Amino acid sequence: MSAQVDRSPGTPPLADPAEVPAPPPTRFRSAPERARRLGRTLRLAAGVRELDEELMARIGVALRQQDEVGARLAAAMRRPAGDPERVTMRAFRTALADGVDAVPDAPPALREFFAHVSATPDWVDPDLVEEGAATYLRLGQNAADVLLQLSLIGGYRFGGPPDLLVATGGLTGDSTRRRLAETQTWTASLSAPRALRQDADGRWGEGWRATVHVRAMHALVNASFADSWDVERWGLPINQADQAGTLGLFDGVVLLGARALGVPVSRRESRAVMHLWRYVGWLMGVDEQWLVDDERERHRLNYHVLLAQGDVTPAGGRLSQDIVAMLGDMEHGRWKQERTLSMLTTFLGRASMRDLGLPARPPWAHLYLLGLNTWRYRVDRRLPGGRARLDRWSTAVLDRTMADYFGTDAPAVGELRV
């Protein structure tokens with residue numbers, strides 16, 4: 001016999017248990033003091049005076065939410081051979097390169113996925129996207145430095161995504177160089193002119209194709225780890241909250257880091273970069289509630305996402321140390337290692353360097369870059385031909401970085417995993 005519950009008149013009906021979201025995973029807000037300490041700069045940049053508990057609750061829910069369109073595609077890709085609704089990797093790559101109509105008898109999940117990503121939202125301003133791409137490219141080595149040090153390694157100070165990378169074998173051991181190169185290839189593809197537009201024949205640009213491919217790969221990772229991942233501790237392997245945080249590492253954090261290196265970023269340039277990544281985030285399957293055009297709002301979201309994180313895990317140190325070791329194997333490796341350690345110490349602080357098992361260094365790299373960027377962006381850029389020189393330098397830096405990682409063997413768009 002079931003227990004009776006005494007309910008007073010006017011009391012709202014009990015919620016249907018099926019509609020009540022599961023509680024956040026245990027990592028959610030599990031290291032509040034450390035998170036507040038690490039988030040001081042973001043809190044100041046965002047002008048946060050009081051924690052938004054409603055936003056924190058949404059982040060907690062989002063740790064168990066995924067890209068549903070991508071999930072349906074991944075489920076179809078994992079169907080057994082011979083199933084008429086199965087999507088093969090060959091069919092996916094054909095649709096990516098030539099459109100879904102080029103796939104004979106395309107399965108419903110494939111058609112749904114490409115119908116979704118091809119339906120550009122009304123809020124996308126193609127000209128502003130192009131301006132954002134040009135601005136991102138003009139940041140040159142500064143963007144590459146911030147992405148590696150503050151965004152990537154800085155993100156390893158919290159458990160969850162780093163543990164997934166270790167579990168998948170990404171960014172560990174021999175795969176470190178290739179995976180970093182794939183990320184560089186993807187971000188470089190987004191900086192090219194018309195990278196996110198269709199041409200006269202309806203073919204999408206390389207940046208669009210690379211982003212859509214990465215979205216599908218992320219969905220496959222989620223599906224592959226569905227039964228083995230500790231969801232109660234971490235949330236879904238690739239979830240909406242972590243994707244929102246990752247997006248913030250590519251837009252708002254890059255802008256903050258570039259300014260810290262002495263690069264001036266105007267309000268217009270900030271808006272353009274944010275708009276570029278808002279569209280990229282949408283293509284990646286990030287829910288629209290986490291997509292913003294305003295840099296200050298991104299910093300506010302990033303601050304709250306940071307407060308939701310748990311403590312560092314051994315995976316973070318392993319990944320960070322593998323990256324620094326990989327730099328030592330490249331041409332001029334000792335210089336690159338020491339330069340990176342110096343910048344990491346300045347960006348992350350000595351406590352975070354200890355957390356990651358990395359040696360601290362004096363801020364000499366940051367100091368020389370402040371002077372160099374002051375000359376490039378504030379002095380020489382204003383001289384005759386200065387803007388063209390800056391653009392040539394940015395492109396040369398990108399080419400040199402790609403050569404460092406790949407030599408002449410860069411992966412095709414359809415091979416990216418990121």
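Which residues of helix 5 (residues 89-98) are buried? They are Ala91, Phe92, Ala95 and Leu96. Buried means under 20% relative accessible area, exposed means over 50%, and partly exposed lies in between (1.4 Å probe, protein chains only). Helices here are DSSP runs of H or I with at least four residues, numbered from the N terminus.

This is a predicted model, in which local features need pLDDT of at least 70 and side-chain atom pairs count only at pLDDT 80 or more, while totals for chains, interfaces and linings use all residues. Residues are numbered from 1 along each chain as its sequence is written, and side-chain values use heavy atoms, with hydrogens and water left out.

The buried residues of helix 5 are Ala91, Phe92, Ala95 and Leu96. They span an arc of only 135 degrees around the axis, so they sit on the same side of helix 5. The arc is taken from the directions that run from the helix axis to the C-beta atoms. Arg90 and Asp98 are exposed on the other side of helix 5. The cover over the buried residues of helix 5 includes helix 4 (68-77), helix 6 (108-118) and helix 11 (206-224). Glycine 99 follows helix 5, and its phi is positive, near 100 degrees.

Phe92 also features in the largest nonpolar core, which has 105 residues. A nonpolar core is a set of buried Ala, Val, Leu, Ile, Met, Phe, Trp, Tyr and Cys residues joined through side-chain atoms within 4.5 Å. Phe92, Leu110, Phe114, Trp208 and Trp277 touch the most other members. Another core lies apart from it, with seven residues, among them Leu164, Trp229, Val231 and Trp234.

What does phenylalanine 92 touch, not counting residues up to four places away in sequence? Its contacts (heavy atoms within 4.5 Å) are Leu73, Met77, Val87, Leu110, Phe113, Phe114, Val212, His213 and Ala216.

## Aromatic rings

The whole structure holds 14 aromatic pairs. Rings of Phe, Tyr and Trp (its six-membered ring) pair if their centres lie within 6.5 Å; planes under 30 degrees apart count as stacked, over 60 as edge-to-face and the rest as tilted.

Tryptophan 364 and tyrosine 368 form a stacked pair, 6.2 Å centre to centre, with 15 degrees between the planes. About one helical turn separates them, because they are four residues apart in helix 20 (residues 364-379). Tryptophan 364 is partly exposed at 33% relative accessibility. Tyrosine 368 is partly exposed too, with a relative accessible area of 33%.

Tyrosine 377 and tryptophan 393 form an edge-to-face pair, 6.4 Å centre to centre, with 85 degrees between the planes. This pair links distant parts of the chain: tyrosine 377 is in helix 20 and tryptophan 393 in helix 21 (residues 386-406), 16 residues apart. Both tyrosine 377 and tryptophan 393 are buried.

Elsewhere, ring pairs join Tyr136, Trp186, Phe250 and Trp277 into a cluster. Trp277 is also one of the residues that touch the most other members of the largest core. Its sequence neighbour, arginine 278, lies over the face of tryptophan 123, 3.8 Å from the ring centre. A charge sits over a ring if NZ of Lys or CZ of Arg is within 6 Å of the ring centre and within 35 degrees of the ring normal.

## Salt bridges

A salt bridge is a side-chain nitrogen of Lys or Arg within 4 Å of a carboxyl oxygen of Asp or Glu. By this rule the count is 30.

| Salt bridge | N to O distance |
|---|---|
| Glutamate 53 and arginine 29 | 2.9 Å |
| Aspartate 311 and arginine 34 | 3.3 Å |
| Arginine 178 and glutamate 182 | 3.1 Å |

Glutamate 53 lies in helix 3 (residues 53-62) and arginine 29 in the segment before helix 1 (32-38), so their pair ties together parts that are 24 residues apart in sequence. Glutamate 53 is partly exposed at 44% relative accessibility. Arginine 29 is partly exposed at 31%.

Aspartate 311 lies in the loop between helix 16 (295-307) and helix 17 (314-328), and arginine 34 in helix 1, so this pair ties together parts that are 277 residues apart in sequence. Aspartate 311 is partly exposed at 40% relative accessibility, whereas arginine 34 is buried at 10%.

Arginine 178 and glutamate 182 both lie in helix 10 (residues 176-190), four residues apart, about one turn of the helix. Arginine 178 is partly exposed at 35% relative accessibility, whereas glutamate 182 is buried at 0%. Salt bridges with shared partners join Arg34, Asp311 and Asp355 into one network.

Definitions and conventions. Helices (H or I, at least four residues) and strands (E, at least two) are DSSP runs, numbered from the N terminus.
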